Amino acid sequence: MSSSNLQRALIQIWAFVFKNWIITKRNVFTLFEILFWPVVGLFSVGLLTVFLQLDADMSGFILIGVISMSVIQVCQIDVAYALLYDLWSKSIKHTFIAPVHSFQLILGSWLIGVFRSFLVFLLLSIFSVFAFGFDFLRPGIGPLVLFLLGLFLVSVLIGMSVCILVLLFGYKAEVAAWSLVSLMVLICGVYYPISILPFPLPEIAQAIPLTFFLEYFRSFYGFESGYRNLLGWGFGLSGLYLLIEMVAFKAVLHHARRTGVLIKLSE
Amino acid sequence: MALAIRAEGIYKSFRSGWWGQRRKEVLKGVDLQVEQGEIFGILGPNGAGKTTLLSILSTLLFPDRGKVEILGIDGLRDGHRIREKVNISSGNANFLWSLSVRENLHFYGMLYGLTGKAREEKVKALIEFFDLKGHEHVPFDRLSTGMKQRLSLAKSMLNDPQMLFLDEPTVGLDPEVSVRIREKIRSAQRENGMTILLTTHNMREAESLCDRIAFLKEGEIVALGSAGALKRMVRIGDVVRIEFNGPISCDQIIRAEGVINCSISGDLCEIIVDEGESRLASLIAIISQGGAQIKRVSLGQTDLEDVFIEFAKGTDSDMGLRI
Ligand SMILES: Nc1ncnc2c1ncn2[C@@H]1O[C@H](COP(=O)(O)OP(=O)(O)OP(=O)(O)O)[C@@H](O)[C@H]1O
Ligand SMILES: [Mg+2]
């Protein structure tokens, strides 16, 4: 690839960073998204752990869950916004008549999501140190970075699922942007170990990479997991799903060009 | 001359209902060839399939059957390459609501791979060309219809397209703004010689802009040609009324080029021709040479509107009307 072609490809990715950034900047709603809800969530659950007089490890277990979910919610919604803003503005056809590849659309929106959700992570971690004495640096920088990377990967997977559903079902699918994460809370052991889940949920949980990333990070707080090679499973599954979702995204886009969804959603 | 569009046997139907059991045939074997540098118009009643055809040609939609070649590139297999060279603008266009005119242009400029200074200059030039100055910082949802339309046109020229698709570019605009936008389209076309395919319900627009026009009816092209040729086809034509003294022979007049019909009652001769303005001089010459003295001449021009009504007869348009 020549350097001007590379520049072209990069600026096409950057376009989606630019778009989400401007809309974030302009919108009070997004301020709520990255400040209000995460902080409210952290405090209500944090205070619950105080009331229940949980020991430091136990409340750490739960705080890791709360922080992770906020990070994932903010990051995945940025990926979903790649199409949602177009859906709400009815401008979707202009995006797909431009010579961009699906991976550019996803990658650009994910990058801004990573940035925004990292801010959320910092904010919540610092709050939880002061308010609840939770030490998020205990595992060390390396594991922390790997853990965050895992969360970001899970986010792109969820965000892409929303995009795929939007291309398939249009407006009917926008609710997925908020409900898929809640489903993760239930299944992946965000507030409890997955072993307490009734059949067949633990089996399903083992097919979701988030489960392994959470277990990995919690293992540094004295919660030994029954599994080995947690990171291998987490990243391996993430990679596999990413591949599957890229193919699915392309297929669904192809399908949308058949059914006329792109035009219908632009009128 | 090279072809900008070659479409053969395009069929398209849409499914609806829970299991897609209802099927509506929208295009029924459309063939179309448009030469490079041409401004080509598509007319037709509501629901005829104009937007659907435009969407297929611009790679937003796949046909069920048929071949599409845009600028020599296979539309079904190589859509991505086509998208680099074409663009689209539609009336009632929508863009990201909270982005300003400038930001929207920058966003789409990035999507077309324009970097740094080149994009900055392009956006600036387009804002100026489409008289958007003073509105650059207004968010899209606070623009007037006319401004939105201009933004849409500006966006469609970001990549200097070789092929431009315009779906009702002046719908909902007041006459003055429409005229200005038409001028912009024409001068942009002249500047870089792009091919334009446009749909419109405005007959004057079609007549003044288009080199050729196709009439689409219930998914089929039922007529194709220049505005003049279409008028000749429906044999309505323009009416030249001549008050005269002396001898006039209808037999002779009817043999003149472009004359469709001729009738005389008293001292009034009514001649129906394909294009009044261009035939007038030769008609006057023929009558004068025949020895008659001309007292008064008037020209009643039929326009494309009459042609439209003629072609649309018997159509079930989306309104459920029979015109
Ligand atoms: N995505 C779609 N899904 C289902 N039906 C569609 C879709 N797009 C168009 N149609 C149907 O196809 C028919 C032709 O529509 P189209 O928009 O091409 O007509 P048109 O000639 O552009 O009409 P108008 O002059 O009103 O713009 C209409 O009956 C419309 O309901
Ligand atoms: Mg239309």
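I will start with how the model is read and then turn to the ligand.

What you see is a predicted model, in which local features need pLDDT of at least 70 and side-chain atom pairs count only at pLDDT 80 or more, while totals for chains, interfaces and linings use all residues. Residues are numbered from 1 along each chain as its sequence is written, chains are lettered from A and ligands numbered from 1 in the order in which they are written, and side-chain values use heavy atoms, with hydrogens and water left out.

Where does ligand 1 lie? Ligand 1 lies between chains A and B, and 17 residues are around it, where a residue counts as near if one of its heavy atoms lies within 4 Å. Among those that come nearest are B:Lys50, B:Thr52 and B:His201.

Let me take these three in turn, looking at polar contacts, which here are pairs of N or O atoms within 3.5 Å. A polar side-chain atom of B:Lys50 lies 2.7 Å from an oxygen atom of ligand 1, for B:Thr52 the corresponding distance is 2.5 Å, and for an N or O atom in the side chain of B:His201 it is 2.8 Å. The protein covers 77% of the 630 Å² of accessible area that ligand 1 has on its own, with areas taken from the Shrake-Rupley method with a 1.4 Å probe.

Finally, helix 1 of chain B gives the largest share of the shell, 3 residues, a helix being a DSSP run (H or I) of at least four residues, numbered from the N terminus.

Conventions:
A polar contact is a pair of N or O atoms within 3.5 Å; within protein, one must be able to donate a hydrogen and the other to accept it, and residues adjacent in sequence count only if both atoms are side-chain atoms. Helices (H or I, at least four residues) and strands (E, at least two) are DSSP runs, numbered from the N terminus.
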